[in-house]
Amino acid sequence: MIYLDNAATTPVRREALEAMWPFLTGGFGNPSSHHQRGEAAAAALTAARRDVAAVFGCRPGEVVFTSGGTEAANLAVKGIALGAPRGRHLVTTPIEHEAVLASADYLHRVHGFAITFLAVDATGLVDPAELAAVIRDDTTLVSVQYANNEVGTIQPLAELAAVTRSHGVPFHTDAVQAAGWLPLDIAALGVDALGISGHKVGAPPGIGALFVRGRYTLEPVLHGGGQERGKRSGTENVGGAVALATALRLADGERVDAAARTTNLRDALIDGVLRGVAGARLTGHRVNRLPGTASFVFPGTSGEAVLLELERTGIVCSSGSACAAGSDEASHVLTALGIEGTVAQTAVRFTLAASTSADEVTETVASVRAAVDAIARLGA
């Protein structure tokens, strides 16, 4: 099997499993308990928070552990917007992950927020000048994804954050897909909140982390025992936090070399598909894209049929965001890029890992050509 759906989830790293194992077995104490086992769990949680903060370049107290990227986005968007709002206006884009879009919709429906959606160009990029033009005196938050989960386009995050900073507006970014591929240094990025998900970097599902700059008040989404310094109640997932910290530290340390190598393979995949498949179109920015993401539409076919044909030959990929699996609707990301709905439904996304080989890319290109030809002949 050639697994090219790493944007959906990655295999758990052995180092992460080994790091978390003690806290799933003998060291299962509750970090809020005042006895030896609980204090050991609390110490492990503190160390994990410190390791994540080191990757972010922030203070450990600015890191909140969550159940994943979705909760991190909900906590950031709702929490900042409701924590100490200077108004009820939120700015985002139409190509965000559903966790951000649904949170914005909640703020609109329940709390009366006005939402401005920034336009994106045909490659998915946001123009910093447009952001500057739409910020108002009552804008309380801007949320723009670091790198898109479907097409891989990387936003000019530092430029966008500079615009919001000049207006005194907090800036949140969903960095779930960027983690392990792009720098997460919040000082260089200039962001005020940044969320990641463990299972995208080699930790198990069910753990994530959110950086929120200390000066911002955060209204909790979950209420209860006041864990995570009152920002996120619930008994902490100590084993998950340890696994996330381990996987993130290793992925970030390997990031530069892995990104360079994978970019070359990604480009070989893109070039091979565009040369060999009549009518194939790349989606997203040709250059400013995640090192491992190559996404296409194949007009005249069915994306799901192509996926099934590829899986029959041992290649696993996806039609877009795994979070939208099973939906009959055209991708909101692709339609926002100006792609017609019927064409958007022919989308196929390949997401490579640092371990993907050149031979696997060569085999994938040949299989894509054969699959699309077969589907086109059948009129699927």
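This is a predicted model: local features need pLDDT of at least 70, side-chain atom pairs count only at pLDDT 80 or more; totals for chains, interfaces and linings use all residues.

**Exercise 1. Cavities**

Step 1. The largest cavity holds about 50 Å³ of space.

Step 2. Eleven residues line the largest cavity; Glu150, Ser295, Ser319, Leu334 and Ala347 are the closest to its centre.

Step 3. Now sort the lining by element. β10 (293-297) and β12 (347-351) each give two or more residues. β12 gives the most, with three.

Step 4. Sort the lining by class: five residues are nonpolar, four are polar and two are charged.

**Exercise 2. Helix α4**

Compare the span of α4 with the expected value, then list its buried residues and what they pack against.

Step 1. Helix α4 covers residues 98-111, which makes 14 residues.

Step 2. From first C-alpha to last, α4 reaches 19 Å, close to the 20 Å expected at 1.5 Å a residue.

Step 3. Buried in α4 are Ala99, Val100, Leu101, Ser103, Ala104 and Leu107.

Step 4. These buried residues pack against two helices, α3 (69-83) and α10 (332-336). They also pack against the strands β3 (89-92), β4 (114-117), β5 (139-143) and β6 (171-174).

Step 5. Look just past the helix end. Gly112 takes a positive phi of about 75° there.

**Exercise 3. Cysteines**

How many disulfides does the structure hold? Are Cys58 and Cys317 buried or exposed?

Step 1. The structure holds zero disulfides.

Step 2. The cut-off for buried is under 20% relative accessible area.

Step 3. Cys58 has 13%, so Cys58 is buried. Cys317 has 11%, so Cys317 is buried.

Notes. Residues are numbered from 1 along each chain as its sequence is written. Side-chain values use heavy atoms; hydrogens and water are left out. Helices (H or I, at least four residues) and strands (E, at least two) are DSSP runs, numbered from the N terminus. The expected span of a helix is 1.5 Å times one less than its number of residues. Buried means under 20% relative accessible area, exposed over 50%, partly exposed in between (1.4 Å probe, protein chains only). Contact means heavy atoms within 4.5 Å. A disulfide is a pair of cysteine sulfur atoms within 2.5 Å. On a 1 Å grid over the protein atoms alone, a cavity is a set of points where a 1.4 Å probe fits but cannot get out, and a pocket is an open set with protein on both sides within 12 Å along at least five of seven lines; lining residues have an atom within 4 Å of a point. Grid points are joined across faces, edges and corners, and a volume is the space filled by probe spheres set on the points. Ala, Val, Leu, Ile, Met, Phe, Trp, Tyr, Cys and Pro count as nonpolar, Asp, Glu, Lys and Arg as charged, and the others, Gly among them, as polar.
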